[in-house]
Amino acid sequence: MEFANSDEACRFYEQYSRAKGFAMRQGKKMKNRKGEIVRYTYLCNREGFRHRKWLQMQDRKREHKVVTRCGCQAEMRIKRKADSTSWYVCRFVDEHNHDLLPAKFVSYLPAYRKISDVDVAHIESLRQVGISIPKIYESIAAQAGGFNLVSFTKRDMYNVVRRQRAMHCGDVNAALRYFNSCARADENMYWQYQVGDEQQMCDLFWSNGCSQHDYKIFGDVLAFDATYGRNKYNLPVIVFSGVNHHNQTCVFDVAMVSSETQAAYVWVLGRFLECMGGKSPKVVITDGDRAMRLAIQEVFPEAHHRLCAWHLLKNATVNVCKPRFTTLLRNCMLADVEVEEFERQWDAMMDECGVWEVEWVKDLYAKKMSWATAYIRGCFYAGLRTTSRCESLHAKMGRFVEKRYGILEFVTNFQRCVDFLRNNEEELDFRSLYGSPVLQTQFPELEKSGALNYTKEIFVRFRDALKRSVRITIVECNKLEDRTVYVTQKYRRPQFQWTVAHHFREDSFFCSCLRFESFGLPCVHILAVLVQLDIGCLPKSIVLKRWSKTAKVELEGSSLMNEEGDANAVYKVRMGAFLQHCKRLARVACIRENDFKSSLEKIVEETVFLEMKNGVGTAGRCSVDGAEEGVRDPVTVQSEGTGRGQEPFGCRGRKRRKCSTCGVVGHRRTHCPSGPPSQPTCSQDPTEDIVAGDEDQSQRGSKTVRVIASPLTDNYSPAGGVHVVGK
């Protein structure tokens with residue numbers, strides 16, 4: 001046989017080997033004195049033998065791969081004709097010393113398992129939206145018509161992903177290049193990081209322009225908490241969030257730290273303050289971690305730090321071990337009463353439970369300015385009393401990020417989570433602007449005024465207060481020079497009275513219950529005065545802008561993108577639009593054989609032309625320049641929520657059997673020498689309903705509280721050990 005060139009001969013022998021049941025590889029080449037290649041050799045892939053040193057290696061870390069080289073002599077050799085450009089076969093050996101594979105197994109040979117650029121681009125686009133490799137493989141197989149028609153395996157897909165990660169010059173450097181690409185489209189993009197002694201990343205902080213604009217409007221209340229197990233390095237993730245005008249959670253920025261120390265939190269909060277232009281929040285809500293508390297006092301000295309009510313009651317259950325104490329503490333903590341009434345309830349609780357000498361209770365009372373509603377009335381908290389919104393946000397984040405993700409994958413997938421929340425906000429904006437609610441109260445003018453000013457979610461709360469205002473009566477009216485003071489009381493409750501002052505010049509209202517100052521909505525007492533004054537429109541002084549429909553109007557006209565635009569975003573938009581037309585074409589072109597062949601021929605011809613014109617492949621994308629190199633990936637750390645992250649090699653995941661009766665390792669309670677355990681007495685969880693008024697309480701998670709029996713309770717058994725009661 002003769003061939004026009006060597007490539008034609010190589011393609012022929014490759015097709016021949018595939019039809020016969022083996023794979024080919026290129027052997028030695030021979031050159032003449034001029035350096036021109038005059039001979040090619042194509043061999044069977046099982047030619048030769050594995051080197052002996054690889055078989056005799058002693059310190060192997062992996063198991064040997066199966067031996068495939070068996071010295072097969074099958075080959076095809078071609079030479080170039082003298083004074084001609086054609087090639088001819090000068091030697092052909094068709095005898096193999098091994099069994100040839102059946103046709104159904106040939107596609108599993110490594111030489112025929114190839115992933116095209118189109119498949120690589122398809123895999124990468126699906127991975128960017130959080131789809132796993134097995135699911136992507138199933139999708140490709142469904143499009144190809146079966147698993148046997150896919151030219152690669154799942155292992156090949158994992159190898160492609162691994163090679164792409166290796167091309168990034170490190171996980172952290174890839175994330176920094178991603179931030180640089182975002183900065184080209186978002187001039188307010190902000191990120192900072194710290195490195196350790198060996199140039200490994202320790203702390204990372206980032207925020208985009210949209211989050212910073214949200215903070216300018218809704219940054220009066222800030223809540224943050226650390227979550228664990230969200231990346232393969234076990235770095236704790238700190239998400240700073242607030243409440244938007246729909247009473248929904250909005251994200252301001254994110255940080256990853258290597259250790260939860262005061263220094264780490266001081267650095268993070270310092271970057272937060274720098275990113276937000278020096279604007280400090282008025283209120284900060286955390287779970288009471290000591291490092292957080294000290295860092296907040298140092299960076300935000302003017303902010304009021306409120307402790308999470310849920311965590312306080314949980315600690316009370318553990319430290320005091322008295323369900324009655326937890327119930328009374330909850331009443332003292334959440335009761336909207338005067339300071340004198342709070343002190344009276346506190347003393348009565350201490351006498352009844354006998355905990356005057358408990359150190360934890362003494363320390364809790366010293367911090368009463370951070371958790372007692374009686375002492376923090378009038379301070380705006382947007383309705384937050386716990387960090388349940390943080391727990392809810394962490395649960396939502398778990399739908400987008402996984403613990404196997406690196407830094408780059410975490411950053412990109414967390415941004416998907418933020419985009420999901422912003423999409424929900426836009427949908428709520430539409431629901432608030434489109435249509436008008438059905439009026440249900442006896443004061444349609446005030447109700448309509450509330451519907452025009454407030455968003456839909458806030459209006460529902462305003463309408464409930466307007467309905468309850470009919471229970472309020474005005475018992476006294478005192479007219480002064482610049483204001484009128486009204487004394488109100490609840491129907492048939494003369495012991496509960498509140499004063500409402502109406503200032504004429506500012507047309508403002510002030511109530512002694514301080515609900516407007518605490519939540520930003522007019523209380524039932526102010527609404528009762530408005531009804532008494534026959535006012536049909538809400539005064540501007542009692543319509544808080546952060547709850548109104550126009551809270552973000554000034555941002556709609558301003559563009560958060562650079563004029564140059566994001567080239568990568570434009571590329572993705574074009575790709576999505578083009579794929580829609582390709583799907584329509586594929587649906588109709590595959591009905592008939594002639595249409596399929598003609599359409600495929602045209603597409604292939606046009607694709608080859610465009611590739612040659614642009615000088616790139618179908619998956620070619622320009623890398624982002626300007627990224628800082630030389631930062632090493634962080635080391636895996638052991639934090640509060642990482643479990644057995646630092647166990648010795650070979651021991652991870654093992655759990656030794658332990659008796660629940662005597663606590664001795666090696667047997668169960670059914671075979672305990674001490675005898676069967678006594679039945680513990682169950683009691684209701686004292687913290688079951690502490691966040692009945694909070695938003696997103698159903699998303700807080702499945703945390704339960706264990707009440708440990710002690711000598712102070714009836715369920716303590718010195719012989720039987722410590723029993724767990726409650727949930």
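This is a predicted model: local features need pLDDT of at least 70, side-chain atom pairs count only at pLDDT 80 or more; totals for chains, interfaces and linings use all residues.
Phe596, Leu600, Val604, Val608 and Met612 make a nonpolar surface patch. Its area is about 470 Å².

Take Val608 from this group. Val608 sits in helix α24, which spans residues 593-614. Is Val608 buried, exposed or partly exposed? Its relative accessibility is 41%, so Val608 counts as partly exposed. The cut-offs are under 20% for buried and over 50% for exposed.

## The largest cavity

Now look inside. Rolling a probe the size of a water molecule over the atoms shows where empty space is left. The count is two cavities of 30 Å³ or more. The largest cavity holds about 70 Å³ of space.

Which elements supply at least two residues each to the lining of this cavity? They are β7 (201-207), β10 (249-256) and α17 (407-433). β10 gives the most, with four residues. Among the lining residues are Trp206, Phe252, Asp253, Phe414 and Gln415. By class, the lining of the largest cavity has six nonpolar, four polar and one charged residues.

## The second largest pocket

The second largest pocket has a volume of about 1,300 Å³. Its lining is made of 40 residues. Leu334, Asp336, Thr373, Cys513 and Arg515 lie nearest the centre of this pocket.

Several elements each supply at least two lining residues. These include helices α15 (373-376), α19 (456-468) and α21 (524-532). Strand β15 (493-503) is also one of them. The largest share, five residues, comes from β15. By class, the lining of the second largest pocket has 16 nonpolar, nine polar and 15 charged residues.

Most residues other than glycine have a negative phi. Ala382 is not a glycine, yet its phi is positive, at about 55°. Asp534 is not a glycine either, and it has a positive phi of about 60°.

Where are these residues found? Ala382 is in the loop between α15 and α16 (388-397). Asp534 is in the loop between α21 and α22 (553-556).

Are they buried or exposed? Ala382 has a relative accessible area of 2%, so Ala382 is buried. Asp534 reaches 70% relative accessibility and therefore counts as exposed.

Key:
Residues are numbered from 1 along each chain as its sequence is written. Side-chain values use heavy atoms; hydrogens and water are left out. Patches are made of residues with over 30% relative accessible area and no salt bridge: like charges are joined within 9 Å, nonpolar side chains (Val, Leu, Ile, Met, Phe, Trp, Tyr) within 5 Å. Accessible areas come from the Shrake-Rupley method with a 1.4 Å probe; for residues, only the protein chains shown count as cover. A salt bridge is a side-chain nitrogen of Lys or Arg within 4 Å of a carboxyl oxygen of Asp or Glu. Buried means under 20% relative accessible area, exposed over 50%, partly exposed in between (1.4 Å probe, protein chains only). On a 1 Å grid over the protein atoms alone, a cavity is a set of points where a 1.4 Å probe fits but cannot get out, and a pocket is an open set with protein on both sides within 12 Å along at least five of seven lines; lining residues have an atom within 4 Å of a point. Grid points are joined across faces, edges and corners, and a volume is the space filled by probe spheres set on the points. Ala, Val, Leu, Ile, Met, Phe, Trp, Tyr, Cys and Pro count as nonpolar, Asp, Glu, Lys and Arg as charged, and the others, Gly among them, as polar.
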